[in-house]
Amino acid sequence: MRNSTTGWLLIAPTLFILFITGFVPFIYVLVVSFFDWNTFAQNPEPTFTGADNFRELVFDKAFLKSIWLTLKFTAFVLISQLVIGLFLARMLLRNVPLKGLFRTIHTLPLMIAPIAVGATWRLLTVPGLGPIPHYLKSWFGIDYILSRFPDQAFATVVIMDIWHWTPLVTLTLMAGLSNLPEEPLEQARIDGASEWRIFWDITLAFLKPVLLTTIFIRLMDALRTVDEVWMLTGGGPGAETRFIGLHIWRVVFPKTDYGYGSAMSLITLYLTIVMCWLLYVAMTGMKENKA
Amino acid sequence: MKRGLFQSTAVTLIFWLCMSALTLLPVWWMFLVSVKSRADLFGKPSFLVDTAKMTWANYAEVLSNPSFQKYMINSLIIATSNAVLVSVLALLAAYAMSRFRLVGRDNIFFWVLTNRMAPPAVFLLPLFLMFTAVKIGDWSLFDSRIGLILLYCVFNLPFAFWLLQGIVDAIPKELDEAAYVDGASTFTVLRTVIFPLARPGLAVTGILTWVFAWNEYLFASTLTSVEARTITTGLAEFVTVTGTNWGQLAAVAMLTLAPAALVLALVQRHIVAGLTFGAVKG
Amino acid sequence: MLKFMLATSAIALALGAPARADFWSDAGAKYQGVTIRGVSESTPPSNYVKDVLAPQFTEKTGIVVEFETTSWDQMFDKAIKDMEANSGIYDFVYIEQDIIYSYLARDFLVDITQTLKDNPDLQAPDFKFEEFTTFIDNFRGENGNIFGVPMEAFIKVYLYRKDLFEDPAHIEAFKAKYGYDLAPATTFQQWRDNAEYFANLSQDDELWGTTVQASSGHPAAFYEFFESIAPTYGVYDWGIDGTTYAASVDKGGRMNSPEAKEALKFWVGLLEFAPPEATASTWDEVASTFAAGRAAQGWVYGENAAWIATNPEKSTVVGKVGVALPPMVEGVMEAAEKGEGYIGYYDGGAFGIPHSSKNKEAAVLWLEFIGQASVQADWAVAGSRVVHQATYDDPKVQEVNAKADGYFDLMRDKGYLFKGAPEYPFHAQVREVVAPFIYEAIVGTMTPEDALDAAAAAADAELIKLGYAKE
């Protein structure tokens, strides 16, 4: 290990930029969360109210619903993306003609801006214009109207996210799969283990750190999904797809309820960090065991 | 090795053909909408191009719009500068983390990651106030490209840092130790040993951060107004325009997608190699 | 002597006339090269300002206008944040009629009357407050001074498909089914019958009975219900008492009164006969739906009336559009005539100057420029908006008027029966807490009755929190 002063110098610019763009705003939000501050109230100045905002949050049905929806959404997309991503990663590692082309096509959705993803799916689902409602109606007799049926809206948002983000999962898992050690696999085959057992006991076991890392990345991003949902459903019907990022935005911006919105932000951030921390501990623990 | 029917090349090929069609369907539909005139939009949907009625008017209109051109250039400058800045800073930081004894190493690492965790709406208000407060003469951080280039570090740096740390960790320490023994400075080691070896990883980092920056919407829409607006904010402007202009919206979306798709096609081979996040030790 | 007088007057004429005609270049000389910036919603009237008026102004004065037209949500966001942070980004902002009270309460805006009084050399010869319609009164402060120069104004009217309503086959079939003559709706029952009739013509056609601006995730639904539907049932000003700021019936408000519940029931009931996109429709989609020929009747914002009726590039119903007053319950018309109520929504907006602007004088010149009588007629044709009384009689406007079934005449003659949003400084705050319950009623997760009870309770709680109402 080398002289740590040089190390600090190398990492300093990164820490400095993140301090300005991440930590300073965080402190601001922290302070504001202890105030009642709505610039369109009779008294537009901030008033210190201690922990009132936080107390109110515990009973705020809209907030709790939004948190619950976000968690539900995250669970759905995480599990689907892991399963589908793992399957596709294995399929992509096979030798087929046009492999490069397939890989490129599969990765394409990842490159599309979330806001454009939302727009694309809106074009697919707008009644009267989009093909999905048309064919569901004429083939299956299903009335598919996102803005009227909460379950359809939620399912569509989940499917959209799967379409958009599975490629990232596929790619990271491919990186993991292609680095798997060969010997244990060969050994197991010689021992006559079934393909299924090999996959379950060996491949997955070796893949665990990669899986956890992938979950971590997707968890961080899924919890802060805003753009595409805003574009597709606007959080509707009602508040059935109003995930926490969108909910906070509505409270802080159109409603200008700064104090309350800040408290809400802090709680959300806290929950996110706790979840990620648990995963992180699991991840680093695993690394050390290996080392 | 025995191969079942399911594992045969033909089945795999068919599978991927279907899968690709499924993946491309939404994009294809967007393209179809973008070549339809406003009056033809509604009606029975068809997945075929109606060559008789096909029109490039939406593209012509969008491309000849000066603000669209400006948005596109802004997006290019902002995404590219941010990707370069982030890759360089993250490489330095990752090297520091990997090779130096830093107090509270794991905590620093996790703190860096937390910056990507916050829902973006959380920071909008303080950032807006900060951006409007920073002024040098007539120049203001608000509505400036520099502002966005710096700000995008908040979600891109943690990502790049993590990705590159795995890459740098995988470079054998003996290589740079040998260089130090020969009397090289830290900078020389970075330039001649680490940089060439981390190049595939850097490429992936650069591309993904570029895409994230290119795609960002919420910050850009709040922290810019005229000069530094990006293409994604331009896209959103078409949504609530009178009688939502679906055709032009689709045309802009296609144009937003094009550069990213191009970059992807060029580098897709390298992406997998770089995406290990340190979870795989080679 | 006479000769001398003639000579002097000739000189005066020679000097005076061009000087006056050239007011803009003289007045602009001081501000050459200055750039003023503004923000507005991207609507036909705003786009006309951006594409036509701004370049004209720049040519005459040398003042550059950078005008950002964006979506409605973003426009508010940005204008408010700019004024709040006092950052001085914008020199003029779009002020919708319904938000002006919030802005005035916060003292965001420059008093334009006073500025012109203090700087007489800024007064343009062709700009007079008296020439505006009464709509300008919405932008007066407590002292009666003007804080915004109106740039668009329109009423939300009843639009129907003339070709369908006049088709003998439909007239006959309708009579056979309902026992009375098919006609534009004058009662709510008739509206429903019309809607039902056209929606059920055939299951395969792309025609439905009515538009409904019932987006289940956008405030547009809140606006259509409280500003167009509830008033025709006699529930005004969102059902909130104007002095005590109480919303629920127990406290003296009317938000959950039987009339309001009746209104919501009727409105939500129409969804059965509306095209499937109705629950995703804001004002824009409503206009698109109507223009695509997918609805037989509906409430449509007047700013869209002209292009729907006249522009074949965007609309499939050119020449088939009829315009009328919306139906209402008994007593509402009488109340509106007396000025005690209103029958629908009179919307529009003005440009105002934020205190934070650094180019107030140049911005005042710009606002006068767009407020001149001479620019009004072409602008009205492009965006079906009228803010000057004289604009109605302009031949160009009359021509469009004829094609749009007398929309402009209706606005001139009956405009006084319509009213904009109530004068609440807490506009967005109450909207944000009430709107979710309207969405619930649309989706059907709450009955209209329960939704309004809950909405009124939530509005009361918010008004107390904000400090406007008493516990």
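Which residues of the largest nonpolar core touch the most other members? Select Trp366(C), Ile438(C) and Ala459(C): these three hold that place among the core's 329 residues. Keep in mind that this is a predicted model.

**Stop 1: the core**

Move to chain B and pick helix H3, residues 66-99. This helix gives the core its largest share, 16 residues. Now colour chain C by domain. Domain 1 (25-152 + 347-416) and domain 2 (155-337) of chain C each put at least three residues into the core.

**Stop 2: Ile438(C)**

Go back to Ile438(C) and show its surroundings. Set aside the neighbours within four places in sequence. What remains in contact with Ile438(C) is Ala221(C), Phe222(C), Phe225(C) and Ala451(C).

**Stop 3: the two domains of chain C**

Select 25-152 together with 347-416 for domain 1, then 155-337 for domain 2; these bounds come from the domain assignment of chain C. Taken over C-alpha atoms, the centres of domain 1 and domain 2 of chain C are 30 Å apart. Where they meet, domain 1 of chain C contributes 18 residues and domain 2 of chain C contributes 17.

**Stop 4: the domain 1 side**

Stay on the side of domain 1 of chain C that touches domain 2 of chain C. Which helices of chain C each supply at least two residues here? Highlight H3 (44-61), H17 (395-403) and H18 (407-414) of chain C. H18(C) provides the largest share of this side, four residues. Finish by colouring this side of domain 1 of chain C by residue type: seven residues are nonpolar, five polar and six charged.

Notes: Residues numbered from 1 in each chain as written. Chains lettered and ligands numbered in written order. Predicted model: local features only at pLDDT ≥ 70, side-chain atom pairs only at ≥ 80, totals over all residues. Core = buried A, V, L, I, M, F, W, Y, C linked by C-beta atoms within 7 Å. Buried ≥ 20, exposed ≤ 12 C-beta atoms within 10 Å, placed from the backbone. Domains from an automatic or database assignment. Contact = placed C-beta atoms within 7 Å. Nonpolar A, V, L, I, M, F, W, Y, C, P; charged D, E, K, R; others polar.
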